[in-house]
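Keep the model open as you read.

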Amino acid sequence: MDLALQLLFTGIGIGAVYALVALGFVLIFRATNVVNFAQGEFSMVAAFLMVVFAVDLQWPYWLSFLLALAGMALLGAIFNLGVYYPLRHRTFLPVIIATIGASILLANSVLAIYGPQPQVLEGWFETPGIQLGPVYLDSQYLLIIAVTMILVVFNYWFFEHTMLGKKLQATSQDKEMASLLGISVSTMIMITFMYSAVLGGLAGILVAPILFVSIQMGSTIALKAFAATIIGGFGDVAGAIIGGLALGIIETFGAAYISVPYKDGFAFLVLVLFLVFRPQGIFGERVAEKA
Amino acid sequence: MPLLEINDLIVLYGEIEALRGVSISVDEGQVVTLLGANGAGKSTTLRAISGLAKPAAGEIVFDGKSIAGLGPEAIVRLGISHVPEGRRIFPGLSVKENIMLGASNRRVAKSELSREADAMFDLFPDIRSFSNALGWTLSGGQLQMVAVARGLMAKPRLLLLDEPSLGLAPVIVQAVFRIISEIRRNTTVLLVEQNARMGLSVADHGYVLETGRIVLGGKPDELWGNEAIRAAYLGGHAKVSA
(Lines give C-alpha, C1' and ligand atoms only; values in the text may rest on other atoms or scores of the structure.)
Protein backbone atom coordinates (compact mmCIF):
# COMPACT_ATOMS: atom_id res chain seq x y z
CA MET A 1 0.00 0.00 0.00
CA ASP A 2 2.82 2.38 0.90
CA LEU A 3 4.56 1.46 -2.32
CA ALA A 4 1.36 2.05 -4.28
CA LEU A 5 1.01 5.56 -2.84
CA GLN A 6 4.62 6.29 -3.63
CA LEU A 7 4.17 5.04 -7.18
CA LEU A 8 0.98 7.05 -7.59
CA PHE A 9 2.86 10.22 -6.66
CA THR A 10 5.68 9.46 -9.08
CA GLY A 11 3.24 8.44 -11.81
CA ILE A 12 1.25 11.65 -11.51
CA GLY A 13 4.49 13.64 -11.65
CA ILE A 14 5.72 12.04 -14.84
CA GLY A 15 2.17 11.98 -16.25
CA ALA A 16 1.95 15.74 -15.71
CA VAL A 17 4.91 16.16 -18.07
CA TYR A 18 3.11 14.10 -20.72
CA ALA A 19 -0.03 16.12 -20.08
CA LEU A 20 1.74 19.43 -20.79
CA VAL A 21 3.18 18.20 -24.06
CA ALA A 22 -0.12 16.54 -25.00
CA LEU A 23 -1.93 19.83 -24.37
CA GLY A 24 0.43 21.51 -26.82
CA PHE A 25 -0.33 18.81 -29.39
CA VAL A 26 -4.06 19.25 -28.98
CA LEU A 27 -4.08 23.05 -29.12
CA ILE A 28 -2.08 23.12 -32.36
CA PHE A 29 -4.15 20.30 -33.82
CA ARG A 30 -7.39 22.13 -33.05
CA ALA A 31 -6.14 25.39 -34.53
CA THR A 32 -4.52 24.00 -37.67
CA ASN A 33 -5.86 20.42 -38.10
CA VAL A 34 -2.26 19.29 -38.17
CA VAL A 35 -0.27 17.18 -35.72
CA ASN A 36 2.95 19.00 -34.91
CA PHE A 37 5.66 16.36 -34.89
CA ALA A 38 8.16 18.87 -33.57
CA GLN A 39 6.24 19.29 -30.31
CA GLY A 40 8.69 17.03 -28.48
CA GLU A 41 11.65 19.01 -29.78
CA PHE A 42 10.19 22.09 -28.10
CA SER A 43 10.74 20.27 -24.77
CA MET A 44 14.26 19.31 -25.76
CA VAL A 45 15.25 22.79 -26.95
CA ALA A 46 13.88 24.39 -23.77
CA ALA A 47 15.88 21.97 -21.62
CA PHE A 48 19.03 22.88 -23.54
CA LEU A 49 18.25 26.58 -23.16
CA MET A 50 18.16 25.94 -19.40
CA VAL A 51 21.57 24.26 -19.65
CA VAL A 52 22.90 27.30 -21.52
CA PHE A 53 21.52 29.86 -19.06
CA ALA A 54 21.68 28.06 -15.70
CA VAL A 55 24.69 25.76 -16.17
CA ASP A 56 26.99 27.31 -18.76
CA LEU A 57 26.33 30.96 -17.95
CA GLN A 58 25.56 30.31 -14.26
CA TRP A 59 22.62 32.71 -14.27
CA PRO A 60 20.06 32.43 -11.46
CA TYR A 61 17.65 29.54 -11.92
CA TRP A 62 14.51 31.69 -11.96
CA LEU A 63 15.99 34.05 -14.54
CA SER A 64 17.12 31.14 -16.71
CA PHE A 65 13.64 29.66 -16.40
CA LEU A 66 11.93 32.87 -17.54
CA LEU A 67 14.43 33.40 -20.36
CA ALA A 68 14.02 29.81 -21.55
CA LEU A 69 10.23 30.24 -21.65
CA ALA A 70 10.57 33.55 -23.50
CA GLY A 71 12.90 31.79 -25.91
CA MET A 72 10.24 29.11 -26.46
CA ALA A 73 7.59 31.73 -27.22
CA LEU A 74 9.98 33.16 -29.79
CA LEU A 75 10.71 29.70 -31.19
CA GLY A 76 6.95 29.06 -31.46
CA ALA A 77 6.55 32.28 -33.43
CA ILE A 78 9.44 31.46 -35.75
CA PHE A 79 8.13 27.91 -36.15
CA ASN A 80 4.73 29.28 -37.17
CA LEU A 81 6.19 31.72 -39.68
CA GLY A 82 8.71 29.29 -41.11
CA VAL A 83 6.89 25.97 -41.05
CA TYR A 84 3.13 26.41 -40.87
CA TYR A 85 2.37 29.81 -42.41
CA PRO A 86 3.87 29.24 -45.89
CA LEU A 87 1.93 25.97 -46.21
CA ARG A 88 -1.32 27.04 -44.54
CA HIS A 89 -3.41 26.81 -47.71
CA ARG A 90 -2.12 23.33 -48.55
CA THR A 91 -3.50 20.01 -47.37
CA PHE A 92 -2.40 18.61 -44.02
CA LEU A 93 0.25 16.33 -45.52
CA PRO A 94 2.86 18.91 -46.61
CA VAL A 95 2.45 20.64 -43.24
CA ILE A 96 3.00 17.41 -41.30
CA ILE A 97 6.09 16.65 -43.36
CA ALA A 98 7.35 20.16 -42.70
CA THR A 99 6.92 19.67 -38.94
CA ILE A 100 8.90 16.40 -39.16
CA GLY A 101 11.59 18.25 -41.09
CA ALA A 102 11.66 21.01 -38.49
CA SER A 103 12.00 18.45 -35.71
CA ILE A 104 15.03 16.88 -37.44
CA LEU A 105 16.51 20.33 -37.95
CA LEU A 106 16.05 21.29 -34.30
CA ALA A 107 17.49 18.02 -32.98
CA ASN A 108 20.52 18.17 -35.25
CA SER A 109 21.18 21.86 -34.60
CA VAL A 110 21.41 21.08 -30.91
CA LEU A 111 23.56 18.03 -31.69
CA ALA A 112 25.92 20.23 -33.71
CA ILE A 113 26.31 22.64 -30.80
CA TYR A 114 26.38 20.31 -27.78
CA GLY A 115 27.48 17.00 -29.25
CA PRO A 116 25.85 13.70 -28.33
CA GLN A 117 26.73 13.52 -24.64
CA PRO A 118 23.79 14.19 -22.30
CA GLN A 119 23.90 17.27 -20.11
CA VAL A 120 22.87 17.50 -16.48
CA LEU A 121 20.50 20.12 -15.14
CA GLU A 122 19.96 20.49 -11.40
CA GLY A 123 16.48 20.80 -9.96
CA TRP A 124 15.06 24.13 -8.85
CA PHE A 125 15.19 23.37 -5.12
CA GLU A 126 18.16 22.57 -2.91
CA THR A 127 15.99 20.33 -0.70
CA PRO A 128 15.66 16.95 -2.39
CA GLY A 129 12.20 16.33 -0.94
CA ILE A 130 10.06 15.78 2.11
CA GLN A 131 8.78 12.67 3.84
CA LEU A 132 5.00 12.75 4.27
CA GLY A 133 3.97 9.67 6.24
CA PRO A 134 4.82 6.67 4.11
CA VAL A 135 5.39 8.70 0.93
CA TYR A 136 8.56 10.51 -0.01
CA LEU A 137 7.68 13.63 -1.98
CA ASP A 138 10.53 14.53 -4.31
CA SER A 139 10.72 18.30 -4.65
CA GLN A 140 11.09 18.26 -8.44
CA TYR A 141 8.00 16.04 -8.81
CA LEU A 142 6.11 18.35 -6.46
CA LEU A 143 7.11 21.29 -8.64
CA ILE A 144 5.97 19.50 -11.79
CA ILE A 145 2.60 18.67 -10.27
CA ALA A 146 2.11 22.19 -8.93
CA VAL A 147 3.03 23.90 -12.20
CA THR A 148 0.80 21.56 -14.18
CA MET A 149 -2.14 22.20 -11.86
CA ILE A 150 -1.68 25.94 -12.19
CA LEU A 151 -1.49 25.65 -15.97
CA VAL A 152 -4.61 23.51 -16.21
CA VAL A 153 -6.54 26.12 -14.23
CA PHE A 154 -5.03 28.94 -16.29
CA ASN A 155 -5.83 27.11 -19.52
CA TYR A 156 -9.46 26.63 -18.50
CA TRP A 157 -9.83 30.24 -17.45
CA PHE A 158 -8.15 31.50 -20.61
CA PHE A 159 -10.22 29.47 -23.07
CA GLU A 160 -13.56 29.64 -21.25
CA HIS A 161 -13.56 33.08 -19.70
CA THR A 162 -11.70 35.46 -21.99
CA MET A 163 -12.77 36.77 -25.37
CA LEU A 164 -9.32 35.94 -26.74
CA GLY A 165 -9.88 32.33 -25.69
CA LYS A 166 -13.26 32.35 -27.44
CA LYS A 167 -11.68 33.79 -30.56
CA LEU A 168 -9.06 31.04 -30.50
CA GLN A 169 -11.83 28.45 -30.19
CA ALA A 170 -13.82 30.07 -32.99
CA THR A 171 -10.72 30.03 -35.20
CA SER A 172 -10.14 26.34 -34.55
CA GLN A 173 -13.77 25.55 -35.39
CA ASP A 174 -14.21 27.58 -38.59
CA LYS A 175 -11.38 29.80 -39.85
CA GLU A 176 -13.26 31.35 -42.76
CA MET A 177 -16.20 32.35 -40.55
CA ALA A 178 -13.82 33.69 -37.91
CA SER A 179 -12.18 35.92 -40.52
CA LEU A 180 -15.61 37.15 -41.67
CA LEU A 181 -16.26 38.34 -38.12
CA GLY A 182 -13.01 40.32 -38.10
CA ILE A 183 -10.97 37.84 -36.05
CA SER A 184 -7.37 37.87 -37.25
CA VAL A 185 -6.90 34.19 -38.00
CA SER A 186 -3.14 34.46 -38.55
CA THR A 187 -2.72 36.17 -35.17
CA MET A 188 -4.78 33.48 -33.46
CA ILE A 189 -2.64 30.74 -34.98
CA MET A 190 0.51 32.63 -34.05
CA ILE A 191 -0.66 32.79 -30.42
CA THR A 192 -1.47 29.06 -30.50
CA PHE A 193 2.01 28.13 -31.68
CA MET A 194 3.69 30.40 -29.14
CA TYR A 195 1.57 29.06 -26.29
CA SER A 196 2.08 25.43 -27.34
CA ALA A 197 5.84 25.92 -27.62
CA VAL A 198 5.88 27.38 -24.10
CA LEU A 199 3.85 24.42 -22.79
CA GLY A 200 6.21 21.95 -24.46
CA GLY A 201 9.20 23.91 -23.20
CA LEU A 202 7.85 23.97 -19.67
CA ALA A 203 7.52 20.19 -19.74
CA GLY A 204 11.12 19.86 -20.93
CA ILE A 205 12.48 22.21 -18.29
CA LEU A 206 10.56 20.51 -15.51
CA VAL A 207 11.48 16.97 -16.48
CA ALA A 208 15.14 17.74 -17.29
CA PRO A 209 16.45 17.29 -13.72
CA ILE A 210 14.77 13.84 -13.61
CA LEU A 211 16.05 12.64 -16.95
CA PHE A 212 19.24 13.67 -18.67
CA VAL A 213 19.13 16.57 -21.09
CA SER A 214 19.72 14.87 -24.40
CA ILE A 215 18.62 15.35 -27.99
CA GLN A 216 16.55 12.16 -27.73
CA MET A 217 14.50 13.36 -24.78
CA GLY A 218 12.10 15.19 -27.08
CA SER A 219 11.05 12.23 -29.17
CA THR A 220 10.55 9.99 -26.11
CA ILE A 221 8.33 12.52 -24.38
CA ALA A 222 6.46 13.34 -27.60
CA LEU A 223 5.65 9.69 -28.32
CA LYS A 224 4.20 9.25 -24.85
CA ALA A 225 2.33 12.53 -25.06
CA PHE A 226 0.94 11.57 -28.46
CA ALA A 227 -0.23 8.26 -27.00
CA ALA A 228 -1.80 10.27 -24.16
CA THR A 229 -3.81 12.42 -26.56
CA ILE A 230 -5.20 9.31 -28.24
CA ILE A 231 -6.04 7.67 -24.93
CA GLY A 232 -7.71 10.85 -23.72
CA GLY A 233 -9.59 11.44 -26.97
CA PHE A 234 -7.81 13.17 -29.80
CA GLY A 235 -8.41 16.88 -29.99
CA ASP A 236 -9.86 17.09 -26.47
CA VAL A 237 -8.16 19.37 -23.94
CA ALA A 238 -9.40 17.53 -20.84
CA GLY A 239 -8.58 14.26 -22.57
CA ALA A 240 -4.97 15.31 -23.12
CA ILE A 241 -4.51 16.05 -19.43
CA ILE A 242 -6.31 12.95 -18.13
CA GLY A 243 -4.62 10.80 -20.79
CA GLY A 244 -1.19 12.14 -19.83
CA LEU A 245 -1.73 11.50 -16.12
CA ALA A 246 -3.19 8.03 -16.79
CA LEU A 247 -0.22 7.09 -18.94
CA GLY A 248 2.27 8.28 -16.33
CA ILE A 249 0.54 6.25 -13.60
CA ILE A 250 0.19 3.12 -15.74
CA GLU A 251 3.83 3.01 -16.80
CA THR A 252 5.08 3.70 -13.28
CA PHE A 253 2.98 0.88 -11.82
CA GLY A 254 3.84 -1.42 -14.70
CA ALA A 255 7.54 -0.81 -14.17
CA ALA A 256 7.32 -1.44 -10.44
CA TYR A 257 5.05 -4.49 -10.39
CA ILE A 258 5.74 -6.21 -13.70
CA SER A 259 8.95 -5.25 -15.43
CA VAL A 260 11.27 -2.29 -15.52
CA PRO A 261 12.77 -2.95 -18.98
CA TYR A 262 9.27 -3.00 -20.48
CA LYS A 263 8.34 0.34 -18.88
CA ASP A 264 7.87 2.10 -22.22
CA GLY A 265 6.03 -0.93 -23.55
CA PHE A 266 3.15 -0.51 -21.08
CA ALA A 267 2.31 2.92 -22.38
CA PHE A 268 2.08 1.64 -25.92
CA LEU A 269 0.23 -1.52 -24.91
CA VAL A 270 -2.45 0.70 -23.37
CA LEU A 271 -2.43 2.79 -26.54
CA VAL A 272 -3.00 -0.30 -28.69
CA LEU A 273 -5.81 -1.50 -26.41
CA PHE A 274 -7.49 1.89 -26.75
CA LEU A 275 -7.08 1.94 -30.51
CA VAL A 276 -8.71 -1.49 -30.72
CA PHE A 277 -11.52 -1.15 -28.19
CA ARG A 278 -12.16 2.56 -27.80
CA PRO A 279 -10.53 4.45 -30.65
CA GLN A 280 -12.32 7.69 -29.75
CA GLY A 281 -10.51 7.70 -26.38
CA ILE A 282 -11.86 8.50 -22.93
CA PHE A 283 -13.41 11.83 -23.92
CA GLY A 284 -13.92 10.88 -27.55
CA GLU A 285 -15.88 13.34 -29.61
CA ARG A 286 -19.30 11.93 -30.25
CA VAL A 287 -20.39 15.10 -31.92
CA ALA A 288 -19.41 15.92 -35.47
CA GLU A 289 -16.96 18.78 -35.39
CA LYS A 290 -18.88 20.82 -37.94
CA ALA A 291 -22.59 21.03 -37.28
CA MET B 1 -23.72 58.06 -54.55
CA PRO B 2 -24.69 54.46 -53.83
CA LEU B 3 -23.37 52.80 -50.65
CA LEU B 4 -22.09 49.86 -52.65
CA GLU B 5 -21.27 49.85 -56.33
CA ILE B 6 -19.94 46.88 -58.26
CA ASN B 7 -18.73 47.28 -61.85
CA ASP B 8 -17.84 44.49 -64.28
CA LEU B 9 -16.83 42.13 -61.52
CA ILE B 10 -15.09 38.96 -62.67
CA VAL B 11 -14.32 36.12 -60.27
CA LEU B 12 -12.58 32.92 -61.30
CA TYR B 13 -12.66 29.54 -59.57
CA GLY B 14 -9.64 27.95 -61.15
CA GLU B 15 -10.34 28.25 -64.87
CA ILE B 16 -14.07 28.68 -64.49
CA GLU B 17 -15.57 32.16 -64.62
CA ALA B 18 -18.00 32.17 -61.73
CA LEU B 19 -18.81 35.84 -62.32
CA ARG B 20 -18.50 37.22 -65.84
CA GLY B 21 -18.89 40.95 -65.45
CA VAL B 22 -21.46 41.64 -62.74
CA SER B 23 -22.56 45.22 -62.10
CA ILE B 24 -24.96 46.14 -59.32
CA SER B 25 -25.48 49.05 -57.02
CA VAL B 26 -27.05 49.31 -53.59
CA ASP B 27 -28.26 52.62 -52.18
CA GLU B 28 -28.07 53.41 -48.48
CA GLY B 29 -31.22 52.31 -46.65
CA GLN B 30 -32.36 49.91 -49.34
CA VAL B 31 -32.95 46.19 -49.39
CA VAL B 32 -31.62 44.79 -52.64
CA THR B 33 -32.28 41.18 -53.58
CA LEU B 34 -30.17 39.00 -55.88
CA LEU B 35 -32.19 36.23 -57.49
CA GLY B 36 -31.07 33.35 -59.61
CA ALA B 37 -30.78 29.59 -59.91
CA ASN B 38 -28.22 27.41 -58.18
CA GLY B 39 -24.75 28.16 -59.50
CA ALA B 40 -25.73 31.48 -61.06
CA GLY B 41 -23.12 33.29 -58.97
CA LYS B 42 -25.21 34.79 -56.17
CA SER B 43 -23.07 33.50 -53.30
CA THR B 44 -19.89 34.25 -55.22
CA THR B 45 -20.98 37.88 -55.54
CA LEU B 46 -21.39 38.12 -51.76
CA ARG B 47 -18.09 36.29 -51.19
CA ALA B 48 -16.31 38.77 -53.45
CA ILE B 49 -17.81 41.72 -51.57
CA SER B 50 -16.80 40.37 -48.15
CA GLY B 51 -13.32 39.44 -49.32
CA LEU B 52 -13.61 35.64 -49.27
CA ALA B 53 -13.24 35.46 -53.06
CA LYS B 54 -10.60 37.54 -54.82
CA PRO B 55 -11.87 39.41 -57.87
CA ALA B 56 -9.89 38.79 -61.07
CA ALA B 57 -11.13 42.08 -62.50
CA GLY B 58 -13.70 44.77 -61.86
CA GLU B 59 -14.48 47.29 -59.14
CA ILE B 60 -16.11 46.98 -55.75
CA VAL B 61 -16.62 50.41 -54.23
CA PHE B 62 -18.04 50.74 -50.72
CA ASP B 63 -18.82 54.18 -49.39
CA GLY B 64 -16.59 55.75 -52.03
CA LYS B 65 -13.65 53.48 -51.29
CA SER B 66 -12.37 50.60 -53.40
CA ILE B 67 -12.41 47.39 -51.37
CA ALA B 68 -11.69 44.85 -54.11
CA GLY B 69 -8.81 42.63 -53.03
CA LEU B 70 -8.95 43.51 -49.32
CA GLY B 71 -9.12 40.60 -46.87
CA PRO B 72 -12.32 39.70 -44.99
CA GLU B 73 -10.94 40.95 -41.66
CA ALA B 74 -10.35 44.41 -43.15
CA ILE B 75 -13.67 44.56 -44.96
CA VAL B 76 -15.80 43.75 -41.93
CA ARG B 77 -14.02 46.56 -40.10
CA LEU B 78 -15.22 48.95 -42.79
CA GLY B 79 -18.81 48.01 -41.98
CA ILE B 80 -19.80 45.12 -44.24
CA SER B 81 -21.06 42.07 -42.39
CA HIS B 82 -21.55 38.80 -44.26
CA VAL B 83 -23.95 36.15 -42.96
CA PRO B 84 -22.87 33.29 -45.20
CA GLU B 85 -24.71 30.36 -46.63
CA GLY B 86 -25.11 27.51 -44.16
CA ARG B 87 -25.15 29.89 -41.14
CA ARG B 88 -21.70 28.71 -39.99
CA ILE B 89 -22.43 28.95 -36.28
CA PHE B 90 -19.41 27.85 -34.22
CA PRO B 91 -20.64 24.44 -33.04
CA GLY B 92 -18.59 24.27 -29.86
CA LEU B 93 -19.47 27.75 -28.57
CA SER B 94 -22.69 28.83 -26.93
CA VAL B 95 -25.33 30.97 -28.65
CA LYS B 96 -24.34 34.00 -26.63
CA GLU B 97 -20.63 33.48 -27.29
CA ASN B 98 -21.34 33.17 -31.00
CA ILE B 99 -23.27 36.43 -30.91
CA MET B 100 -20.62 38.22 -28.85
CA LEU B 101 -17.92 37.21 -31.34
CA GLY B 102 -19.93 39.02 -34.01
CA ALA B 103 -18.45 42.24 -32.66
CA SER B 104 -14.85 41.13 -33.25
CA ASN B 105 -14.49 43.91 -35.84
CA ARG B 106 -14.95 46.52 -33.09
CA ARG B 107 -13.04 47.14 -29.87
CA VAL B 108 -15.54 46.57 -27.10
CA ALA B 109 -15.01 45.49 -23.48
CA LYS B 110 -16.34 42.03 -22.63
CA SER B 111 -18.95 43.35 -20.18
CA GLU B 112 -20.28 45.74 -22.83
CA LEU B 113 -20.34 42.89 -25.36
CA SER B 114 -22.41 40.84 -22.98
CA ARG B 115 -24.89 43.71 -22.62
CA GLU B 116 -25.10 44.19 -26.38
CA ALA B 117 -25.68 40.46 -26.91
CA ASP B 118 -28.48 40.49 -24.33
CA ALA B 119 -30.02 43.46 -26.11
CA MET B 120 -29.84 41.52 -29.37
CA PHE B 121 -32.21 38.94 -27.88
CA ASP B 122 -34.93 41.61 -27.92
CA LEU B 123 -34.86 41.39 -31.70
CA PHE B 124 -34.63 37.59 -31.57
CA PRO B 125 -36.78 36.56 -28.59
CA ASP B 126 -37.01 32.97 -29.86
CA ILE B 127 -33.35 32.26 -29.12
CA ARG B 128 -33.11 34.06 -25.79
CA SER B 129 -33.78 30.87 -23.81
CA PHE B 130 -31.02 29.06 -25.75
CA SER B 131 -28.42 31.62 -24.74
CA ASN B 132 -26.16 29.02 -23.10
CA ALA B 133 -26.85 26.17 -25.52
CA LEU B 134 -23.97 25.06 -27.73
CA GLY B 135 -24.18 25.84 -31.43
CA TRP B 136 -24.45 22.25 -32.63
CA THR B 137 -27.59 21.60 -30.57
CA LEU B 138 -29.74 24.17 -32.40
CA SER B 139 -32.34 23.67 -35.14
CA GLY B 140 -32.01 25.25 -38.58
CA GLY B 141 -34.30 28.15 -37.75
CA GLN B 142 -32.51 28.87 -34.49
CA LEU B 143 -29.14 28.73 -36.25
CA GLN B 144 -30.36 31.27 -38.78
CA MET B 145 -31.52 33.62 -36.02
CA VAL B 146 -28.14 33.32 -34.28
CA ALA B 147 -26.33 33.87 -37.58
CA VAL B 148 -28.25 37.09 -38.30
CA ALA B 149 -27.87 38.29 -34.71
CA ARG B 150 -24.12 37.62 -34.91
CA GLY B 151 -23.94 39.47 -38.23
CA LEU B 152 -25.71 42.49 -36.72
CA MET B 153 -23.29 42.62 -33.77
CA ALA B 154 -20.72 44.02 -36.20
CA LYS B 155 -22.98 47.11 -36.39
CA PRO B 156 -22.67 46.96 -40.16
CA ARG B 157 -23.72 49.65 -42.58
CA LEU B 158 -24.29 46.88 -45.12
CA LEU B 159 -25.51 43.42 -44.20
CA LEU B 160 -25.00 40.60 -46.72
CA LEU B 161 -27.50 37.79 -46.19
CA ASP B 162 -27.02 34.56 -48.11
CA GLU B 163 -30.10 32.35 -48.47
CA PRO B 164 -31.57 32.97 -45.04
CA SER B 165 -34.66 30.89 -45.89
CA LEU B 166 -32.79 27.82 -47.11
CA GLY B 167 -34.06 24.62 -45.52
CA LEU B 168 -36.45 26.33 -43.13
CA ALA B 169 -40.12 25.57 -42.54
CA PRO B 170 -42.47 28.20 -44.04
CA VAL B 171 -43.47 29.60 -40.68
CA ILE B 172 -39.79 30.07 -39.75
CA VAL B 173 -39.10 31.68 -43.13
CA GLN B 174 -41.79 34.23 -42.33
CA ALA B 175 -40.20 34.92 -38.96
CA VAL B 176 -36.81 35.43 -40.61
CA PHE B 177 -38.27 37.86 -43.13
CA ARG B 178 -40.10 39.76 -40.39
CA ILE B 179 -36.67 40.28 -38.84
CA ILE B 180 -35.24 41.47 -42.17
CA SER B 181 -37.94 44.11 -42.40
CA GLU B 182 -37.00 45.21 -38.87
CA ILE B 183 -33.29 45.34 -39.71
CA ARG B 184 -33.82 47.53 -42.76
CA ARG B 185 -34.84 50.46 -40.59
CA ASN B 186 -31.17 50.94 -39.61
CA THR B 187 -29.15 48.85 -42.01
CA THR B 188 -28.79 48.45 -45.73
CA VAL B 189 -29.27 44.83 -46.80
CA LEU B 190 -28.05 42.89 -49.82
CA LEU B 191 -30.04 39.68 -49.85
CA VAL B 192 -29.46 36.54 -51.87
CA GLU B 193 -32.51 34.32 -52.23
CA GLN B 194 -33.77 31.37 -54.18
CA ASN B 195 -37.19 31.96 -52.73
CA ALA B 196 -38.00 34.81 -55.12
CA ARG B 197 -41.43 35.53 -53.70
CA MET B 198 -40.05 36.15 -50.20
CA GLY B 199 -36.91 37.79 -51.51
CA LEU B 200 -38.77 40.39 -53.54
CA SER B 201 -41.42 40.97 -50.88
CA VAL B 202 -38.96 42.93 -48.73
CA ALA B 203 -36.88 44.42 -51.57
CA ASP B 204 -36.61 47.95 -53.00
CA HIS B 205 -34.69 46.66 -55.95
CA GLY B 206 -33.92 43.27 -57.45
CA TYR B 207 -31.39 41.75 -59.82
CA VAL B 208 -31.55 38.44 -61.64
CA LEU B 209 -28.27 36.57 -62.10
CA GLU B 210 -27.81 33.92 -64.73
CA THR B 211 -24.54 31.98 -65.23
CA GLY B 212 -22.40 34.74 -63.82
CA ARG B 213 -24.17 37.70 -65.48
CA ILE B 214 -26.88 40.11 -64.45
CA VAL B 215 -29.67 39.58 -66.98
CA LEU B 216 -32.23 41.88 -65.46
CA GLY B 217 -32.59 44.49 -62.77
CA GLY B 218 -35.47 46.60 -61.58
CA LYS B 219 -38.17 47.28 -59.03
CA PRO B 220 -39.84 44.15 -57.64
CA ASP B 221 -43.03 44.99 -59.59
CA GLU B 222 -41.14 45.20 -62.86
CA LEU B 223 -39.46 41.85 -62.20
CA TRP B 224 -42.82 40.29 -61.39
CA GLY B 225 -44.16 41.76 -64.61
CA ASN B 226 -41.60 40.11 -66.84
CA GLU B 227 -43.13 36.88 -68.15
CA ALA B 228 -39.86 35.17 -69.08
CA ILE B 229 -38.34 35.97 -65.71
CA ARG B 230 -41.44 34.81 -63.90
CA ALA B 231 -41.28 31.52 -65.71
CA ALA B 232 -37.59 30.96 -65.20
CA TYR B 233 -36.93 32.24 -61.69
CA LEU B 234 -40.02 33.24 -59.88
CA GLY B 235 -41.90 29.96 -60.00
CA GLY B 236 -45.52 29.82 -61.01
CA HIS B 237 -45.70 29.17 -64.76
CA ALA B 238 -42.46 27.25 -65.05
CA LYS B 239 -43.74 24.15 -63.36
CA VAL B 240 -47.07 24.18 -65.19
CA SER B 241 -45.63 24.61 -68.67
CA ALA B 242 -42.64 22.35 -68.17
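**Helices, a strand and a chain contact**

H2(A) crosses H8(A) in a right-handed manner. A crossing is right-handed if the near helix is turned clockwise from the far one by less than a right angle, and left-handed if anticlockwise. Helices here (H or I, at least four residues) and strands (E, at least two) are DSSP runs, numbered from the N terminus. This is a predicted model, in which local features need pLDDT of at least 70, side-chain atom pairs count only at pLDDT 80 or more, and totals for chains, interfaces and linings use all residues. Residues are numbered from 1 along each chain as its sequence is written, while chains are lettered from A and ligands numbered from 1 in the order in which they are written.

Stay with this pair. H2(A) covers residues 39-56, and its axis comes within 7 Å of that of H8(A), at a crossing angle of roughly 55 degrees. Axes are lines fitted to C-alpha atoms, for helices over the stretch in contact, and angles run from 0 to 180 degrees between N-to-C directions. H2(A) and H8(A) are therefore oblique to each other. The classes are roughly parallel (under 35 degrees), roughly antiparallel (over 145), roughly perpendicular (65 to 115) and oblique (the rest). From H2(A), the residues in contact include A:Phe42, A:Ala46 and A:Met50. H8(A) contributes, among others, A:Ala197, A:Gly200 and A:Gly204. Contact means C-beta atoms, placed from the backbone, within 7 Å. The contact of H2(A) with H8(A) has eight nonpolar residues, six polar and no charged. Nonpolar means Ala, Val, Leu, Ile, Met, Phe, Trp, Tyr, Cys and Pro; charged means Asp, Glu, Lys and Arg; the others, Gly among them, are polar.

H8(A) itself has 23 residues and reaches 33 Å from first C-alpha to last, close to the 33 Å expected at 1.5 Å a residue. The expected span is 1.5 Å times one less than the number of residues. Of the 23 residues of H8(A), 19 are buried, so this helix is largely enclosed by the rest of the structure. Buried means 20 or more other C-beta atoms within 10 Å of the residue's own, exposed means 12 or fewer, and partly exposed lies in between, with C-beta atoms placed from the backbone.

H8(A) has another partner. H6(A), residues 163-173, packs with H8(A) at about 105 degrees, their axes 10 Å apart. The two are therefore roughly perpendicular. A:Lys167, A:Leu168 and A:Thr171 of H6(A) meet H8(A) residues that include A:Met188 and A:Ile191.

Next comes H9(A), residues 217-232. In H9(A), 13 of the 16 residues are buried, so this helix too is largely enclosed by the rest of the structure. Just after H9(A), A:Gly233 takes a positive phi of about 115 degrees.

Further along, the axes of H10(A) (residues 237-257) and H11(A) (residues 263-277) come within 8 Å and cross at roughly 135 degrees. H10(A) and H11(A) are therefore oblique. Their crossing is right-handed. The contact of H10(A) with H11(A) has six nonpolar, one polar and two charged residues.

Now turn to chain B. B:Val208 sits in strand S9 (residues 205-210) of chain B. B:Val208 is buried, with 25 other C-beta atoms within 10 Å.

Definitions and conventions
Contact = placed C-beta atoms within 7 Å.
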